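Dear colleague,

I am handing over a structure that you have not worked with before, and I would be glad if you could look through it alongside the notes that follow it.

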Amino acid sequence: MLRALTGSEKMSILESLAEAHPLTPAAVRLKAALLFHGVDYDPCPGRAGEWAFPSHMPITLLPGEPLHNGQNKFYTPQLIRFPDDTQARLRVKRESRFRIVDGDGDRVFTLLEDGKPVTSLTFEPKLPWAEALTHDGTPMRASGLVQHGDMLVLNVAPGCEYFVVPKVGMAGKTDNMSCTFCLYGVPDPQRLDALGQKLYEAGLPTQTLDRVSEACHHPETHARHLYLVGGSMLSMAAEGERYLQISRHLAEQGLTDRYYVACGSGAIERGHMEQMKDAGVRGACFNLEVWDPAQFARICPGKNATVGRDRWLASLEEAVDVFGPGNVMSAFVGGAELEGDGAFRSAEEALESNLAAAEYLIPRGIVPTWSIFWKVTGKARGEESFYTLDLFLRLNEATAALRAKAQRFTNPEFFCRRCAYMELEPDFDFSQFYRSSNSANSSLP
Ligand code: SF4
């Protein structure tokens, strides 16, 4: 049956965003729109998956969609790269109004909205290190290293102890106190064995650190930042020891000279930060994830019970003393507080709480960053909570203004447009630098 189109249906998503968010640069609106709406399935990103850096999870075709090389499950590229160097995570979301199709040239594609061309783009390619072997024949991609644009992420202890907190007086029984949105820290025994990680033990095998250092040494990583992450430990002191061991190993190998190395652990003690700084680590990012105290306790029970919100904040401030302003960040999951039992009741409440985080942290030299909450657990996985794209852009506009007011921008040495694929802060700050410096870079909005 025919029906009249509503005003919003007549407008493209990008036109609506331009009207509602004129202060957000066009490149940032496009990135946010893709992060939120994804792209409809088309076989061409599947073909690109053969040379591009692959997504974490394979895509599964729906009945009726033509097989890819005879397979109904395969990897698509992980990262889109636009001509102006803006980067975004590729998300296939059927029935999106966006679609990526073949473009003019090798590895060049066209983004369409409602069938109309928007821009050309490419995908971040697999780099030679990811195909190489270490001296003992281990694939470098299995050494605990992944890459997001120009950032190498080193994770040699992925198992998070919050998933298996021993129950007091009940030998062998554990509680799951993991963050409610998290899947990647699940202690998978095969993965832990391959890297030699032992739960509740800080130390890591030298062989593991040698392998991952060899991968970082590869001449063709094209990376500038090296970000150390891992699952959390139940003891702040033990976690600090673990990151110190990794940092010293990297320093001995000269890698703290080659890369801007940052510690992405949980909150750790000042003494460990100081020793890491002495080893050449230059920044820290302790992710609080959620600002509101009650929501933090609900969503991050392990962090809340083990460290506590007040100690976490104190640790971030100590990190500013040790590493200096501009070298400390804390990541938040935008919208996590709107999901599940005990959630905030309105998106406005979530926005207010997140802005309170920015108002507290930015003047103290800590840059908060927000990624869009993609639901990967539970029945409604793949769906957004009622956190909207509009809210995400309003949050980012307000926090960009706060950074500008305090002159506390994201530090491109640490976190930049070539590595931020789920966050918008470096894109906003880059544009603000452009405006204030009157640079002649014509590729920017
Ligand atoms: S601390 Fe939370 S987010 Fe980090 S790995 Fe553990 S459960 Fe996941």
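Which residues are around the ligand? Please keep in mind that this is a predicted model, in which the residues around the ligand are Cys160, Tyr162, Phe163, Ser178, Cys179, Phe181, Cys182, Tyr184, Gly185, Ser232, Glu289 and Lys303. Sorted by class, this shell consists of seven nonpolar, three polar and two charged residues.

Turning to the sheets, there is an open one of seven strands, which run in the order S8-S9-S12-S13-S14-S15-S16 and whose pairing is mixed. Strand S8 (145-148) and strand S16 (367-372) stand at its edges with a single partner strand each, so one side of each has no neighbour in the sheet. From one strand to the next, the twist of this sheet averages 25 degrees. S8 pairs with strand S9 (residues 151-154) in the antiparallel sense over four bridges, and Leu152 in S9 is the bridge partner of Gln147. Helix H7 packs on this sheet, where it touches S9, strand S12 (225-228) and strand S13 (260-263), and the direction of H7 makes about 155 degrees with that of S12.

The other sheet I looked at is also open, with five strands in the order S4-S3-S7-S6-S5 and antiparallel pairing. Its edge strands are strand S4 (87-89) and strand S5 (98-102), each of which pairs on one side only, and neighbouring strands are turned against each other by 40 degrees on average, with direction ignored. Within this sheet, strand S6 (residues 109-113) and strand S7 (residues 116-123) pair in the antiparallel sense over five bridges, and Leu111 stands opposite Thr119 in S7.

As for the helices, H7 (residues 236-252) packs with helix H9 (residues 270-279) at an angle of about 5 degrees, their axes being 9 Å apart, and H7 and H9 are therefore roughly parallel to each other. On the H7 side the contact is made by Ala237, Gly240, Glu241, Tyr243, Leu244, Ser247, Arg248 and Ala251, while H9 contributes His272, Gln275, Met276 and Ala279. By class, this contact has six nonpolar, four polar and two charged residues.

If its neighbours within four places in sequence are left aside, Thr399 is in contact with Leu355, Ala358, Ile362 and Trp370.

With kind regards

Terms used
Residues numbered from 1 in each chain as written. Predicted model: local features only at pLDDT ≥ 70, side-chain atom pairs only at ≥ 80, totals over all residues. Heavy atoms only, no water. Near = heavy atom within 4 Å. Nonpolar A, V, L, I, M, F, W, Y, C, P; charged D, E, K, R; others polar. Contact = heavy atoms within 4.5 Å. Pairing = 2+ DSSP bridges. Helix = DSSP H or I, 4+ residues; strand = E, 2+ residues; numbered from the N terminus. Axes fitted to C-alpha atoms, helices over the stretch in contact; angles between N-to-C directions. Parallel < 35°, antiparallel > 145°, perpendicular 65-115°, else oblique.
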